[in-house]
Protein chains: 2
Amino acid sequence: MHGEFKLDSRLEADTLQVGDLPLSRVLLMNDRRYRWVILVPRRAGVTEWMDLDEADGIALWRESIQLGRALRDLYGGRKLNIGALGNLVPQLHLHHVVREQDDPAWPGPVWGHSPAVPYATGEAAAVLRELRSALL
Amino acid sequence: MHGEFKLDSRLEADTLQVGDLPLSRVLLMNDRRYRWVILVPRRAGVTEWMDLDEADGIALWRESIQLGRALRDLYGGRKLNIGALGNLVPQLHLHHVVREQDDPAWPGPVWGHSPAVPYATGEAAAVLRELRSALL
């Protein structure tokens, strides 16, 4: 649990950086088919939500609720999917995916469904602006 | 958000009842291939974690942490997967799945992977006893 936080290299490669909330780094999954945002608590060596201390555990919940509401305000969506899996990337990270009935993976989970389709440059910039304006 | 809580009929059909925590009904997914436990807050008409009031939202987090620790103590496991999806069953429910590197869906998600393999009768009774003893 000690040492300096460093974002996992696979998370870094697969995402675009939105910014930092008090506890978590906020990342946009680089997949234009979904509005998919990940919270990564900036704590070194933690893989499970239950291994955060109580203050951090509640802070992650609060940031998740804040993010969920921002995503609903911005994008609507049929259902928000929240998940902490970590089978491939052990660093604790919490997915938030706005789901639509016509998205490619509906009604199944997005994880492992199909390869990401990266954003075009201008498109990603617009989404990052929206998210920063709503969250930070 | 009003009215009386009634467990969704699909959740009822797919699970075995462990018991009640202060907020949540605790259900064992009837799939012998995983230790897979679901929390369902006993609140009518709620589909998203962000729509619980603050006290209930934190209570669900606390019960999730308590359950996660009990599952780790009982079953170990390589990784705990936590998910709130609700694409098929809108009633708010929070999955907790103990994952092993040799389980059928590893490293993908369990949701939508393959049909459940129900417990044999005596086998389910033993798991329910373990869970009740650890949680209730």
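**Entry 1: helix H2 of chain A**

I listed the buried residues of H2(A) and found A:Gly57, A:Leu60, A:Trp61, A:Ser64, A:Ile65, A:Leu67, A:Gly68 and A:Leu71. Viewed down the helix axis, these buried residues fall within an arc of 165 degrees, so they line one face of H2(A). I note that the model is a predicted one.

I then turned to the face away from the buried side of H2(A), which carries the exposed residues A:Ala55 and A:Asp73.

I compared the length of H2(A) with expectation. Its 22 residues, at 1.5 Å a residue, should span 32 Å, and the end C-alpha atoms lie 31 Å apart, which agrees. Just after the helix, I found A:Gly76 with a positive phi of about 65 degrees.

**Entry 2: what covers the buried face**

I asked which elements cover the buried residues of H2(A). From chain A, the cover includes strands E2 (24–29), E3 (35–41), E4 (79–84) and E5 (94–99) and helix H3 (121–135). Chain B contributes its helix H2 (54–75) to this cover.

**Entry 3: A:Ser64**

I selected A:Ser64, which lies in helix H2 (residues 54–75) of chain A. Is A:Ser64 buried or exposed? I counted 24 other C-beta atoms within 10 Å of A:Ser64; the residue is therefore buried, the cut-off being 20 or more.

Leaving aside residues up to four places away in sequence, A:Ser64 touches A:Leu39, A:Ile82, A:Leu94 and A:His96. I also looked up A:Arg43, which is 21 residues from A:Ser64 in sequence and 16 Å from it in space, C-alpha to C-alpha.

**Entry 4: the two chains**

I superposed the copies: chain B can be laid on chain A with an RMSD of 0.0 Å, by a turn of 180 degrees and a shift of 0.0 Å along the axis. The two copies are thus related as by a two-fold rotation axis. In chain B, the residue that comes closest to this axis is B:Gly83, with its C-alpha at 2.1 Å.

I next examined the contact, which takes 26 residues from chain B and 26 residues from chain A. On the side of chain B that touches chain A, the elements giving two or more residues are H2 and strand E4 (79–84). By class, I recorded 14 nonpolar, eight polar and four charged residues on that side. Of the interface residues of chain B, 100% are also interface residues in chain A, so the copies meet through the same surface.

Finally, I inspected the strand pairing across the contact. E4(A) and E4(B) run antiparallel and are joined by three bridges. A:Gly83 stands opposite B:Gly83 in E4(B).

Notes. Residues numbered from 1 in each chain as written. Chains lettered and ligands numbered in written order. Predicted model: local features only at pLDDT ≥ 70, side-chain atom pairs only at ≥ 80, totals over all residues. Least-squares fit on C-alpha atoms with pLDDT ≥ 70 in both. Contact = placed C-beta atoms within 7 Å. Helix = DSSP H or I, 4+ residues; strand = E, 2+ residues; numbered from the N terminus. Buried ≥ 20, exposed ≤ 12 C-beta atoms within 10 Å, placed from the backbone. Expected span 1.5 Å × (residues − 1). Arc of directions from axis to C-beta. Nonpolar A, V, L, I, M, F, W, Y, C, P; charged D, E, K, R; others polar. Pairing = 2+ DSSP bridges.
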